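I opened this entry to look up charged side-chain pairs. The notes follow the order in which I checked them.

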Amino acid sequence: MMRSMQRRTSFLGLAVVVVFGWACDGEPMPPPPEDAGPTDAGPFPPVSLAHCDYEAVPPTGGAGGTVTRGPLEAGVAERLLDVPLGASLAAYTSRAEGAGGDGFLPQPDARREYLAGSFAPAVGIETIPQIAALALRAGGETVVLLKLDLASSYQGFVHDVEANLGPAYSGKVLITASHSHSSFGNYSGHSALHVGFGRFRSTVYDAIVAQLTEAARAAIDDLRPARIGIHHDPAFDLDDRVNRDRRRANDELAGGPQDDHHLYVIRVDAADGSPMALLPVFGIHGTTQGGDNAIVTTDSIGGIERVLRESFDSPVLVAHLQGAGGDVSPAGSGGVECGGAVACANFARAESIGHHAREAILAAWEAAGEVMQGEIELEMLTRTVPLGPEASTFTIRGGALSYLEFDTRREADGIVFDAERRIVSPIDEFNAPFGAALCTADMPSIVPRAQMPGTLELRDLPYRGCMRLEAVATIFERALDLDFEEPPICETTRTTVSALRIGDWLVGTMPGELVTLLADHLRDELSPAGPDRTILVGYAQDHGGYLLRPEDWLSGGYEPTITFWGPLEGEYVAEQLGRLMALALTPAREDGNAEGVPRPGSPVIRDDVAVDVSPIPVGTVPTELPGYLLTQRLRPVTSAQPAAQVARLDSVHFTFVGSDPLAGTPRVYLQRESEVPGVFDDVRRRSGRPVLDGALVMTWTPSPILRQAGTPRAHYYTVEMQAVTPIGGSDAVGLEDRLGLPLGRYRFRVEGPSYELASSPFEVTPAPLALSAAAIGADLAITISITAPPYAFRLLDLSARSDGTLPLARRAVTVTADGGSPLALTTDAAGVVTVAGAAGARTLVVVDAYGNEATLTR
């Protein structure tokens, strides 16, 4: 959640910086809570929840009666998620000011924005986050599945969208997130997660809820007769080209490296057989980009979705759903090398993951097509379940594992395992009445009074590093400029789970970072549908950190640092889901929350921020550029308008003045001149979608960089396009067409919140090839290559770097030697063709299938 596996030590380093930096800035650390009294003073005082504003959860819509099989209807919708630039980028705590110990923010300039607060703000967009909506109706039941490109879901989203849709949708909305670590933050009311997401901002939250609601309504309005099929591939990506295990700490427990190799594909077709939706489900982190990236991207998940979308000739809804992604990293290949360059990210590698995943997912899609059903049973149940602060809540395995009552006056006995390495119960080492975090064996709690009593010497166990939240909350507030509520943090005391029955399949949601071993246990032991008919969706309905089995938690590593209720929490939540799944398979329509609890109220804090007034008319092209203009790699731009010509593989820029991002995000479309001179049409992908991201990167520069009261502030937006074929720009599969962006005149078209404009046209010309030749006897071997500029950012090859010289491998070319007849040949994997009898040729002309050419005189 907070950072990828390779960066875990930095997160612990953050804790050191926060605590010791706070204590050394000339002010004392806050005093410890008053002592509760001597050990013989009676029971430990109960933890109060009086500060928490809980709300009753309405009964499940349609509760009562019987689940009946009925004709299926389905509806789909997709929307671009409109959140202002200047909001924080979520899920890497290294983006917080002070996380590096010197006030450094991982961004290219000194800007500070109201929404992001002490976190690095989003300064541009590579791929626009989206909302995908699928509505299903059968037998009198209607459910809505919403997937959005954020780092996490949040239970406030679920309840507020349900309320907006009406009582019939109570318990019928499933919201899951992609887990991109380079998408917007500032939306979660879970204040403990603000250390990775930034402060809650109503500007962001309200916009997301409104757009989720609108997408849900659009999908409902689109309901029409449909068929559905589901396929399970239990041996997905065994060669780790798409995802890979990132949790080495539990290899002994797991019997070696293990990642989520279960692929599920949900296929929905209209009754006439036309495809409507493709939902692949498997686990993968959205961490292709690191914490130093400040440009919004849908990351590895977006790479998968974009490639799959353009495998169809119509705008089929493609929404990847997370499985057990908590301990699974993205793999991929190729890409570009930033080498420490500012404002540089390896967007190309994220796309490579989609190409590696495509074949297996489409094979599963075809297999799902063999089991399509037009009539199904459909039921969804949602429940708010209690978490802390009662220790007894977390009792699992039929009472075999539990916590001893929390009492910080008691020392742990240090006996964690018995002689057969089984966990001794009741557990007295986890002793945190208000919850604890940063549990790691790597170091003791760095605030002595936050140490759980008696755990200091447990050197190989995460208990040693746990910091009790009530003892450190104020320190983190001060260091990261955040506000936590009175402990226990209310969002840590409740979470939300859902079970969805689709015929004889069960879909279960887990509210956080589900890891592989817990997913296996849930499928194999807890799901009443059995492992072959159970789909688990992580990062869904809420987010509370990592979800592990107790033995896995005790194996240590990074993941236990982002948990709040110790080793039993993950499996306890899984058991609660298992109980709800059992209800979903009964013939009765139950009230899913009848045994649930009230949920935390949605945040009510309102933003107070004014929109900048621009000194330059918005929707115009500036006659003069500011002294500083943010671009990828900080490449200088000398003209606001694009250059008159750009060769394939090179880049072209366009800068315009827009409104404050708080007023809305401009969208930039690529257009090409039609057969009618002077008339430009939007360039469309194979699916029919317009080209407005992925192929284009937009960066934002306010001027002045820092907002100054009473001073007008202009907002410049710069678009960069590398002149290569967009994904879906032709019918070619893979990367074969990248060098073939159609020649002709192009321009950029901008739609702003209150303005429209277009750039001057620019002409795309062929790219130069590079040739070398060597005689082999009487024959001539010609090596053909192409060189991408060092600032390239689009994927050109799945193995070689896309920002250097690449062989023109396995491509059709024509070779003309000394003015003779052109020869049609195909290069080998090294980009070599051999021309028989041409060893003495003096002049060679080589042209590829797209008109890129080179001449070599020997």
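**Salt bridges, looked up pair by pair**

I began with Asp660 and Arg707, whose side chains form a salt bridge at 3.4 Å, N to O (a side-chain nitrogen of Lys or Arg within 4 Å of a carboxyl oxygen of Asp or Glu). The two lie 47 residues apart, Asp660 in the loop between strands E27 (651-658) and E28 (667-673), Arg707 in the loop between E30 and E31 (714-722). Strands are DSSP runs of at least two residues, numbered E from the N terminus. Asp660 is buried at 3% relative accessibility, while Arg707 is partly exposed at 32% (buried is under 20% relative accessible area, exposed over 50%, partly exposed in between, with a 1.4 Å probe and protein chains only). I also noted that shared partners join Glu113, Asp612, Asp660, Arg707 and Arg713 into one network of salt bridges.

The model is predicted, so I kept in mind that local features need pLDDT of at least 70 and side-chain atom pairs pLDDT 80 or more, whereas totals for chains, interfaces and linings use all residues. Residues are numbered from 1 along each chain as its sequence is written, and side-chain values use heavy atoms, without hydrogens and water.

Next I looked up Glu78 and Arg689, a salt bridge with its closest N and O atoms 2.8 Å apart. Glu78 sits in strand E3 (residues 73-80) and Arg689 in the loop between E29 (680-682) and E30 (696-703), 611 residues apart. Glu78 is partly exposed at 24%; Arg689 is buried at 10%.

Last, I took the count: 44 salt bridges.

Methods
Helices (H or I, at least four residues) and strands (E, at least two) are DSSP runs, numbered from the N terminus.
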